Amino acid sequence: MRRNRAAVAVACAAAFVVGLTACSTGGSVGSNSSGTVHLVFQQFDPAAEVTGLQSTVSKWNKLHPDIQVDMQTLSPSNPQQLAREANSGSGPDVVQVPYANVAFLAQPKILLPLNSLMKKYPLAHGTGDLLAKDMVTFDGKMWAVPWTADTMALVYRPSALTAAGISSPPATWGELASDATAISKQSGGKTAGFCFGASGSATAAQWFAINYYMWNHGHGFVKKDSAGSWVTDITQSQLTSTIDYFNGLFVSGATPQSFQSVNDYTDPSIANGLANGSCAMTYAPPQTFQTLVKTAGDKVTTAPMPGGLKDGSTHLGGRGLAINRNAKHPQQAWEFIQYLMSPATFKTYEQYPASKSTLKSLTVPKNQDGFVQQLPHSVSFGRYIGSNMPVVSMQQLVNQQFSAVYSGQSSSSRAATAILSGLKAGIGG
Amino acid sequence: MANSQSTRHEPLLLIGPALIVIALLFAFPAVYNIILSFQKLSPYQSPGEAIWVGLSNFTALFTNNQTAEAAWNSAFWLTTLTVVIRLVLGMAIALLLQSDVLARWKLRGVCRTAVLLPWMVPPVVAVASWKWILDGNTGVLNQVLVGLGVIPRGIPFLADTSTVWWSIIAIVVWRELPFVVIVLMAGLQSIPKDQYEAASLDHAGAWKSFLHVTVPNLRPVITVIVIVTVIQTFNNFVYVWLATGGGPGTYTQVLATRLYSAAFINNSLGQGAAIGIMMSVVVAIFAIIYFRLADRENGARA
């Protein structure tokens, strides 16, 4: 009897361990007994913005019964989860990666270098046709292929500007501040002149505007000097003046204080504000603007950001397509990537292609002129990549300190000092 | 002989599964966290790529003045205030739910269910709803207050330093209050009725009965509530992170949000582990107090 109980205990323990082991193992999907290859494609845009992409994938599945693709959405982008999966030998086969994250995934070789596949099965227009190649190249190899390109354009309600006696959208940062203040005052506070997410979170919301302002004024947060070392690229007084500019938007009433708790440019208070007229101006990437148009219609349009037609004053962002190092069918994965890069994809997928030739072949609606005019002048965040400090860490440091000034916790000069010392410590490693 | 050997090993075999669970789910992660706090490792690397850095993660932690600010916020705003408010409100609601008036009106069941509702809402949904209520532009609370003429324009509750902590406290108390109410109600139900009758014979009013009968009887329950809620709240990450992300500026940073930022934004798992150890030490002190009190209680009963 006792022996039986002991045997049961051992069996339970063994079953438990086996169960846990089974739970901890996974793997990318391979091919089944019928010879059909199954690939998992993971993308991170919100489900509402990818119906066009889903139809592109469905079309692929119809055309390629031997290579079936399952599109997964993991929103927002979570490169650390991808790293965890890849380090345990699993993960999606084809993955959409923001440009800023490619280097972090390339360094520990979580992605597959694409050079040999590109050589064997070249892209339709070659790599010379691609934008943002610097963002996907690491150690002399390409770890992702640039797929989409975007930037932030000024999104505004022409009627709100006209009501305040303003005939054209602001072309400089000074004009933006004065126009936004005039709109807020003229409307008696009913229409906020300039709406933007100004929270201290490590998000991209105010980070883009701050950088655009700085780049337009000839400086940035960090740069690589001629000796190849990372240094800060702004003086204390320049940074103080930048903080004062953004804080001035709240002080003048151009931006209501409530936007200090908004941490995303897709926040409903901005999107609804533009749609219902309680906001006159904001900035947004193409897909956010296209979503806004669905509710606001022709009441909103775009223009280049202030100073956005000056080279390097705005960022060239977007997403690359990469192959997981654990993919069992890299050749088929590459074939699928080439399909996703074709002009047909961008007829239904609301993004701009990172291929110059594909971009030229598209007919862009008139209200997206702001993006089209600005894109050729945009430069990637590659200028910040390569130091020991990830861009997201810079975002958190900068956003927190700007937010501390808006909320009265800190003065602009103290915040500038904190940012500079944080940057120096971060890039130094 | 063989039989006696099997008898000797049997207890070990019987507790084996439990030991495996403890080792896999508790001991290994705890030990690995300690190891990690002496290493430099990013979330993109595998554990084998870690570099030993000695005490530098702890040095960085204790030389950063944000740590003291976050520790104060965790201890005072997030924990002490919310625990005290929960206890006071919880006691009031528990007494109300036990009252004869509610029983007479047959409202006891409905009221108890209503009190439990916030606990059924996932914390993420609760915070998202509260953010919508408290929004400075479109929030329901501001719309009502402006509509009634109480305030001229919306208050950005989660962006203003004078209101942000009270807003977070409101969210935590609303979501976590039912636990306190349930436990106190259980405690109230266990108080013998004859003690109240004796107090009444001694001409004790409601307040004196509460002070001299209810509170002494509930003391062990209150102790358990305080200890458990302190441990739960001190470690909490969700409420602050989702409501404010630690802002405005660093005004609502707590140790848990600092841990997340260090580990997953600054990509330093070692520094995150060091903060985790610091938090564990604080919580361990409370846990020890809790177990001591629980032992004393058991001893007294025995």
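Residues are numbered from 1 along each chain as its sequence is written, while chains are lettered from A and ligands numbered from 1 in the order in which they are written. Because the model is predicted, local features need pLDDT of at least 70 and side-chain atom pairs count only at pLDDT 80 or more, whereas totals for chains, interfaces and linings use all residues.

**Chain A as a whole**

The pLDDT is the predictor's confidence in each residue, from 0 to 100. For chain A its mean is 90, and 92% of the residues reach 70 or more. Over residues 20-27 of chain A, however, the pLDDT is below 50, and this stretch has four contacts in the model beyond near neighbours in sequence; two residues are in contact if their C-beta atoms, placed from the backbone, lie within 7 Å. Where pLDDT is low, the predicted coordinates should not be read in detail.

Chain A has 17 helices and 15 strands, where helices (H or I, at least four residues) and strands (E, at least two) are DSSP runs numbered from the N terminus. The radius of gyration of chain A is 24 Å, close to the 22 Å that the globule rule gives for 429 residues, so the chain is as compact as a globular protein of that length. This radius is taken over C-alpha atoms, and the globule rule is 2.2 Å times the number of residues to the power 0.38. Along its principal axes, the C-alpha trace of chain A spans about 85 × 55 × 50 Å. Among the contacts in chain A with a separation of 6 or more, 76% are between residues 24 or more positions apart.

**Two open sheets in chain A**

Two strands pair if DSSP finds at least two bridges between them. One open sheet of chain A has five strands in the order β2-β1-β3-β14-β6, with mixed pairing, and its edge strands, β2 (67-73) and β6 (145-146), each pair on one side only. Helix α4 (residues 99-106) of chain A packs on this sheet and touches β3 (94-98) and β14 (319-323), its direction making about 120 degrees with that of β3(A). Such axes are lines fitted to C-alpha atoms, for helices over the stretch in contact, and angles run from 0 to 180 degrees between N-to-C directions.

Another open sheet of chain A is formed by four strands in the order β9-β12-β8-β13, again with mixed pairing. Its edge strands are β9 (192-194) and β13 (301-303) of chain A, each of which pairs on one side only. Neighbouring strands of this sheet are turned by 30 degrees against each other on average, direction ignored.

| Strands | Sense | Bridges | Facing residues |
|---|---|---|---|
| β8(A) and β12(A) | antiparallel | four bridges | Leu154(A) and Tyr283(A) |

**A buried helix**

A residue is buried if 20 or more other C-beta atoms, placed from the backbone, lie within 10 Å of its own, exposed if 12 or fewer do, and partly exposed in between. Of the 429 residues of chain A, 51% count as buried. In helix α8 (residues 205-216) of chain A, 11 of the 12 residues are buried, so this helix is largely enclosed by the rest of the structure. Among these buried residues are Trp207(A), Phe208(A) and Trp215(A). The buried residues of α8(A) pack against α7 (173-186), α9 (236-251), β12 and α16 (391-406) of chain A. Just after α8(A), Gly218(A) takes a positive phi of about 90 degrees.

**Chain B and its contact with chain A**

In all, 36 residues of chain B are in contact with 44 residues of chain A. On the side of chain B that touches chain A, α1 (2-36) and α12 (255-265) of chain B each supply at least two residues, and α1(B) gives the most, with nine residues.

Elsewhere in chain B, Ala114(B) lies in helix α5 (residues 108-120). With 12 C-beta neighbours inside 10 Å, Ala114(B) counts as exposed.
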